[in-house]
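Subject: Structure handover

Hello,

Here is the structure I promised you. Please open it first, then read my notes below.

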Amino acid sequence: MLDWTDKHCRFFHRLLTQKTRLYTEMVTTGALLHGDQGRHLDFDAVEHPLALQLGGSEPADLAACAKLAERWGYDEVNLNCGCPSERVQRGAFGACLMAEPGLVADGVKAMRDAVSIPVTVKHRIGIDKIESYDFVRDFVGQIAHAGCEVFIVHARNAWLQGLSPKENREIPPLRYELVHQLKRDFPTLTIVLNGGIKTDDEIAEQLRHVDGVMVGRQAYHEPWQMVDWDRRFFAAANPAQSREQVESAWLAYLERHVALGAYHHWTQAMRHALGLWNGQAGSRRWRQIWSDHQYKSLAPREVAALATQARQGIAAHVAEHQAQTLAQRNMPEGEPAAGHA
Ligand SMILES: Cc1cc2nc3c(=O)[nH]c(=O)nc-3n(C[C@H](O)[C@H](O)[C@H](O)COP(=O)(O)O)c2cc1C
């Protein structure tokens, strides 16, 4: 996800789940072929399994970038056929590629010929007002013929005119049944459903119909939810038992990068972790301290101490309030509550 799933974010997510496959932000072929490859492609070994997502349409460029992905050690290269932004449309890639399955097939074939890692495609169920299932079925059929075996399907149309990218993730209706139908029609392909999934039970329900589920915004905003995924969906041990444990490992990461001078400020990385304590007493104060500009020049450990203090202060206050409420509720009428005698 652009601006979200950078390498810092992915490292943080790896503290919560080690089995879930992670995806980079979309990187355009132009940026890779003419820009700073290290900046776009560098990642930490703990991020595996990791897919590089490409934005582009020129088969030779896609093949060259797929080779780069393989050389840098990515486990998968994914082609974006789902992004509706105008900038991307001007470059003639993203969701508008769904109107050109022949070109996508050529791109997939060129990448397949160039690398041995899996080449996958992420797409929508339709573009603009095309509502028929046949459209997405024929798209998948043609791309599968070119050698793609994994399809990640954002289960809503992309409206290429009149909606912002954000609206294009909210307004066109979700139609999961079309993705389920794809799995029935192409049982040998790996079909991954994406769009609007929030709870672990919803993931489990979708896994009855498809091979995988991709979770975007919910995972980013409520990262702690991922901590149970290894156990629940991969029959493996969860990597962390507590938020404290994750926070401590994350702090070590921040310090390491500050020491290396790897990025100009730790706030760049920390923004991805601000949801860690969501739902817990004091989480808002914890988040506020970490986001407060006046602390930007402190070392991460100093900010962490302040944030924890604030969070625990509120947590203690809430616990005391709860104890009082309970004591009042349980006491026989007329007796003073404990602590108020
Ligand atoms: C900030 C943001 C950036 C995104 N960037 C990308 C991207 O680079 N490539 C992509 O395939 N999808 C991108 N998406 C779309 C998500 O991958 C996903 O398809 C969409 O949000 C629906 O899934 P969700 O409801 O689980 O979030 C982005 C979404 C958001 C919110």
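The centres of domain 1 and domain 2, taken over C-alpha atoms, lie 32 Å apart. This is a predicted model: local features need pLDDT of at least 70, side-chain atom pairs count only at pLDDT 80 or more, and totals for chains, interfaces and linings use all residues. Residues are numbered from 1 along each chain as its sequence is written.

Domain 1 covers 7-234 and domain 2 covers 243-330. These bounds come from an automatic or database domain assignment. Ten residues of domain 1 are in contact with twelve residues of domain 2. Contact means that the C-beta atoms of two residues, placed from the backbone, lie within 7 Å. On the domain 1 side, helix α1 (residues 7-14) gives the most, with four residues. Helices (H or I, at least four residues) and strands (E, at least two) are DSSP runs, numbered from the N terminus. By class, that side of domain 1 has seven nonpolar, two polar and one charged residues. Here Ala, Val, Leu, Ile, Met, Phe, Trp, Tyr, Cys and Pro count as nonpolar, Asp, Glu, Lys and Arg as charged, and the others, Gly among them, as polar.

**Helix packing**

Start with α14 (residues 283-291) and α15 (residues 300-330). Their axes come within 7 Å and cross at roughly 160°. Axes are lines fitted to C-alpha atoms, for helices over the stretch in contact, and angles run from 0 to 180 degrees between N-to-C directions. The two helices are therefore roughly antiparallel to each other. Angles under 35 degrees count as roughly parallel, over 145 as roughly antiparallel, 65 to 115 as roughly perpendicular and the rest as oblique. In α14, Ser283, Arg285, Trp286, Ile289 and Trp290 meet Val303, Leu306, Ala307, Ala310, Arg311 and Ile314 of α15. That contact has eight nonpolar, one polar and two charged residues.

Helix α15 also packs against α12 (residues 243-260), at an angle of about 150° and with the axes 9 Å apart. So α12 and α15 are roughly antiparallel too. Leu251, Leu254, Glu255 and Val258 of α12 touch Pro300, Arg301 and Ala304 of α15.

Then look at α7 (residues 133-145) and α8 (residues 176-185). Their axes come within 11 Å and cross at roughly 45°. That makes α7 oblique to α8. Tyr133, Val136, Arg137 and Val140 of α7 contact Leu178, Gln181, Leu182 and Asp185 of α8. By class, five are nonpolar, one is polar and two are charged.

**Two backbone details**

Is the peptide bond from His48 to Pro49 cis or trans? The bond is cis, with omega near -10°. Pro49 sits in the loop between α3 (37-41) and β2 (50-55).

Asp3 has a positive phi of about 75°, although it is not a glycine. Find Asp3 in the segment before α1.

Best wishes
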